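Please read it beside the sequence and the coordinates.

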Amino acid sequence: MNEISISLNGQLIQVPVSTSLEAMLEAQAVALDSIALVRGGEVVPKSTWSEVECQADDVIEIFGVVAGG
Amino acid sequence: MALDDKAFIQYSRQIMLPEVGEQGQQKLMQASVAIVGVGGLGQLCAQYLSAAGVGRLTLIDDDRVELSNLPRQMLFGQADCGQYKASVAAGRLKTGDCQVREKRVRLDDSNAQALLFNADLVLDCSDNFATRHSVNRACVALKKRHVVASAAQFSGQLMAFDLNEAPQLGCYHCLFPQELKVSESCSTIGVLGPMVGCMASMQSLLAIKLLLGLPGLGLLNRFDGLTGEMQRLKLRRDPDCAVCSAKETAVEVAQETASGDKNE
Ligand SMILES: [Zn+2]
């Protein structure tokens, strides 16, 4: 199977080509209901994670909301 | 309306900035800003904005000063414990040129639009996710400019939204939908005073820039207080956002989606 390499929070991981962001996060055991996602320095709205596919060399970061003040 | 001599001297260090000038100072003096939450973030923003000569502030908070607030809420002292934060802060800041109104209520969906209706700019300085969403819903409904800051442990976030000038950035719900799980708040998770102060200072600076008409929209700033790193990330509207992408804005969204998404 063809795989591509992407960076998730600074760690290189391998995913099959045509993997959606959502499938990638699930494979990494990330809790989808507690994070925002940025790809290449730009926010990717959560409602599109199931459609948007990982691309080779994507730099992806995930983080939670900070609500305190 | 020209500045009088006293105002000219008092605000001279601001006025000498080409980005401010006498005109900018007048803009500040005519501005009305609502501050939601007068805790670590809000008490400092209120001080900076009133000291900068902002004309009117509305301080919204139903909390009372507690001893454990003092390391990060330096507008308050031990003698203020048990008093309403909005009242203590208003009392301290009223002495200047700024008109300060206190609203000793908890902002929620039932009162948010009435509380924020007269503001030129809204600062979200609240300490919990539910209030942040109420502020956002009201700002979307009223099309108010809206600066959001937050801090917990060594993480800080800062961003601004303006559906009039920058609809493509969306709203707070586009970034952090209300279904998101969040457990932390300052009352349950540790934080250092200067960490909250950093975020409040950046929030105040961004607020003043927006009041002056300077650029400041478009980015989510993430500050890591341990490493000192600041990340600047581009915001993006969620075309399916339940809050800001309702029917009346469907045309705008369709246009943005057509011009934005297709080249990926
Ligand atoms: Zn939205």
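## Strand pairing in chain A

In this predicted model, β3(A) and β5(A) pair in the antiparallel sense over four bridges, where strands are DSSP runs of E of at least two residues, helices are runs of H or I of at least four, both numbered from the N terminus, and two strands count as paired if DSSP finds at least two bridges between them. Within this pairing, A36(A) has F63(A) of β5(A) as its bridge partner. β5(A) is also joined to strand β1 (residues 3-8) of chain A, in this case by two bridges and in the parallel sense, and L8(A) stands opposite I60(A) there.

Residues are numbered from 1 along each chain as its sequence is written, and chains are lettered from A and ligands numbered from 1 in the order in which they are written. Because the model is predicted, local features need pLDDT of at least 70 and side-chain atom pairs count only at pLDDT 80 or more, whereas totals for chains, interfaces and linings use all residues; side-chain values use heavy atoms, with hydrogens and water left out.

## Strand pairing in chain B

Strand β7 (residues 219-224) of chain B pairs with strand β8 (residues 230-234) of chain B in the antiparallel sense, over five bridges. Opposite L219(B) stands K234(B), and opposite L220(B) stands L233(B). The two strands form a hairpin with five residues between them, and in the turn G228(B) has a positive phi of about 80°.

β7(B) is joined as well to strand β6 (residues 155-161) of chain B, by four bridges and in the antiparallel sense, with Q157(B) standing opposite R222(B).

## The interface between the chains

The contact (heavy atoms within 4.5 Å) takes 20 residues from chain A and 38 residues from chain B. The area buried between them, which is the accessible area (1.4 Å probe) lost by the two parts on being put together and summed over both, is about 2300 Å², and carbon and sulfur atoms give 57% of this. In chain A, V65(A), V66(A) and G69(A) lose the most area to chain B, together 29% of what that side buries.

Across the interface there are 14 residue pairs in polar contact, both residues being at pLDDT 80 or more; such a contact is a pair of N or O atoms within 3.5 Å, in which, within protein, one must be able to donate a hydrogen and the other to accept it, while residues adjacent in sequence count only if both atoms are side-chain atoms. β3 (36-39), β4 (42-43) and β5 (59-63) of chain A each supply at least two residues of the side that touches chain B, and the largest share, three residues, comes from β3(A).

## Salt bridges

Over all chains, a search of the whole structure finds 10 salt bridges, each a side-chain nitrogen of Lys or Arg within 4 Å of a carboxyl oxygen of Asp or Glu. D33(A) lies in the loop between α1 (21-27) and β3 of chain A and K181(B) in the loop between α8 (172-175) and α9 (193-212) of chain B, so this pair joins two chains. Their side chains meet at 2.7 Å, N to O, and the count between chain A and chain B is two salt bridges.

## Confidence

The predictor gives the complex an ipTM of 0.94 and a pTM of 0.92. For chain B the mean pLDDT (the predictor's confidence in each residue, from 0 to 100) is 92, and 91% of its residues reach 70 or more. Over residues 249-264 of chain B, however, the pLDDT is below 50, and this stretch has 17 contacts in the model beyond near neighbours in sequence. Where pLDDT is low, the predicted coordinates should not be read in detail.
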